[in-house]
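Me: I am new to this structure and would like to go through it with you. Could we take the charged side chains, then the space inside?

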Amino acid sequence: MGGLSPQLESGTRKKRKKGFVHELVHNRILFLMLLPTLLFFLINSYFPMVGVYYAFTQFDFNSGLFDAPFVGLKNFEFLWKSGTLVKLTLNTIGYNLAFILLGNVLAIICAILLSELRVKWFKKLTQSVMFLPYFVSFVILSVIVYNVFNYDNGFLNTLLTQFGANPVDVYNNPVIWIFLIILFYLWKNLGYSMVIYLASITGISEEYYEAAKIDGAHIFQRIWYITVPMLKSTFVMLLLFSLGSIMKGQFDLFYQLIGNNGVLYNTTDILDTYVFRSLKVTFDVGMATAAGLYQSLFGFFLIMTVNYIIRKINDDYALF
């Protein structure tokens with residue numbers, strides 16, 4: 001009852017060590033296949049974490065990499081007192097919440113409507129048309145948007161002037177871009193999200209629907225009481241994955257559509273574009289690293305908190 005003897009404890013440790021070595025040797029092919037993935041994350045995700053040090057320094061290109069003067073939390077203090085951090089956080093979270101909620105709700109609605117279509121050729125055509133914008137690059141999208149909203153000879157203003165209306169200066173109207181960015185994001189990514197939910201609907205057993213038909217349930221009742229509850233696990237899983245990167249905005253979307261138009265920064269500037277601009281324009285490595293570190297830590301604590309809440313409500317839907 002007093003515990004294992006020293007000999008037994010030593011034997012247990014040797015057995016465990018031998019077990020791991022045996023596992024490594026026995027499954028060496030699998031571990032070898034895993035090696036490129038481990039190297040990828042080590043090189044691209046873990047080794048660069050050394051650069052977090054620059055968030056606490058006043059980086060100078062004339063000095064060495066680790067010779068920059070240490071300033072503690074002054075970079076974070078400046079971001080907070082200037083109001084930049086609050087604005088960037090609100091913009092980033094606001095846009096991502098709109099992307100997540102509207103994107104998933106519309107994807108569920110479109111997937112349900114598409115699953116109810118009985119004409120196969122029309123169903124496949126609709127799915128392909130909705131999925132096609134996902135393959136359009138953000139560079140091409142920016143060209144399309146510019147040719148539509150350009151003040152001088154854009155399609156919108158050309159159409160307005162032909163009908164006798166005054167042209168609209170879209171690129172100097174910050175508020176309207178809140179809706180335009182959300183609209184273009186949904187247009188580009190709705191088809192991809194819809195396919196995920198459509199695959200989940202396809203996996204639902206037809207026996208549920210047959211039983212509901214026998215009980216006299218009409219199509220809307222079958223959707224509300226069978227399809228929607230069956231999609232809950234998929235929705236929660238995608239929600240958790242999305243929340244994990246809620247502080248990482250769609251950089252390509254914002255940068256390609258807005259570019260360096262300072263008039264629109266109040267409503268369109270997010271953490272990713274601020275970090276990029278700090279490095280490209282002002283060359284302020286310390287400030288950019290501080291913003292990036294804040295972005296990562298905020299996203300980490302958010303996903304841990306949400307996952308904890310979901311695990312308390314229903315452990316089956318939690319990530320871990």
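**Charged pairs and a cavity**

Me: Before we start, what kind of model is this?
Reply: It is a predicted model.

Me: How many salt bridges turn up in the whole structure?
Reply: A search of the whole structure finds two. One joins Glu116 and Arg118, whose closest N and O atoms are 3.7 Å apart. The other is formed by the side chains of Asp269 and Arg277, at 2.6 Å from N to O.

Me: Take Glu116 and Arg118. Are they buried or exposed?
Reply: Glu116 is partly exposed, with a relative accessible area of 24%. Arg118 counts as exposed, because its relative accessibility is 62% and the cut-off for that class is over 50%.

Me: And Asp269 with Arg277, buried or exposed?
Reply: Asp269 counts as buried at 2% relative accessibility. Arg277 counts as buried too, at 17%, because the cut-off for buried is under 20%.

Me: Why would such side chains pair at all?
Reply: Side chains of opposite charge can pair when their charged atoms come close.

Me: Now Arg222. Where does it sit?
Reply: Arg222 belongs to helix α10, which covers residues 219-230.

Me: Is Arg222 buried or exposed, and what is the nearest side chain of opposite charge?
Reply: Arg222 is buried and has no salt bridge. The nearest side chain of opposite charge is that of Glu116, 5.1 Å away. Glu116 does form a salt bridge with Arg118.

Me: What does Arg222 touch, then?
Reply: Setting aside neighbours within four places in sequence, Arg222 is in contact with Tyr209, Ala212, Lys213, Ala217 and Thr227.

Me: Changing topic: how many cavities of 30 Å³ or more are there?
Reply: The structure holds one. About 100 Å³ of space lies in this largest cavity.

Me: Which elements line the largest cavity?
Reply: Those giving two or more residues to its lining are α12 (251-258), α13 (265-268) and α14 (271-282). The most comes from α14, with five residues.

Me: Which residues lie nearest the centre of the largest cavity?
Reply: Of the 13 lining residues, Tyr255, Gly259, Tyr265, Thr273 and Arg277 lie nearest its centre. Arg277 is also the partner of Asp269 in a salt bridge.

Me: How does the lining divide by residue type?
Reply: The lining of the largest cavity has six nonpolar, four polar and three charged residues.

Note on methods:
Residues numbered from 1 in each chain as written. Predicted model: local features only at pLDDT ≥ 70, side-chain atom pairs only at ≥ 80, totals over all residues. Heavy atoms only, no water. Helix = DSSP H or I, 4+ residues; strand = E, 2+ residues; numbered from the N terminus. Buried < 20%, exposed > 50% of the residue type's maximum accessible area, 1.4 Å probe, protein only. Lys, Arg positive; Asp, Glu negative; His and termini not counted. Salt bridge = Lys/Arg side-chain N within 4 Å of Asp/Glu carboxyl O. Contact = heavy atoms within 4.5 Å. 1 Å grid on protein atoms, 1.4 Å probe; cavity = no way out; pocket = protein on both sides within 12 Å on 5 of 7 lines; lining within 4 Å. Points joined across faces, edges and corners; volume = space filled by probe spheres on them. Nonpolar A, V, L, I, M, F, W, Y, C, P; charged D, E, K, R; others polar.
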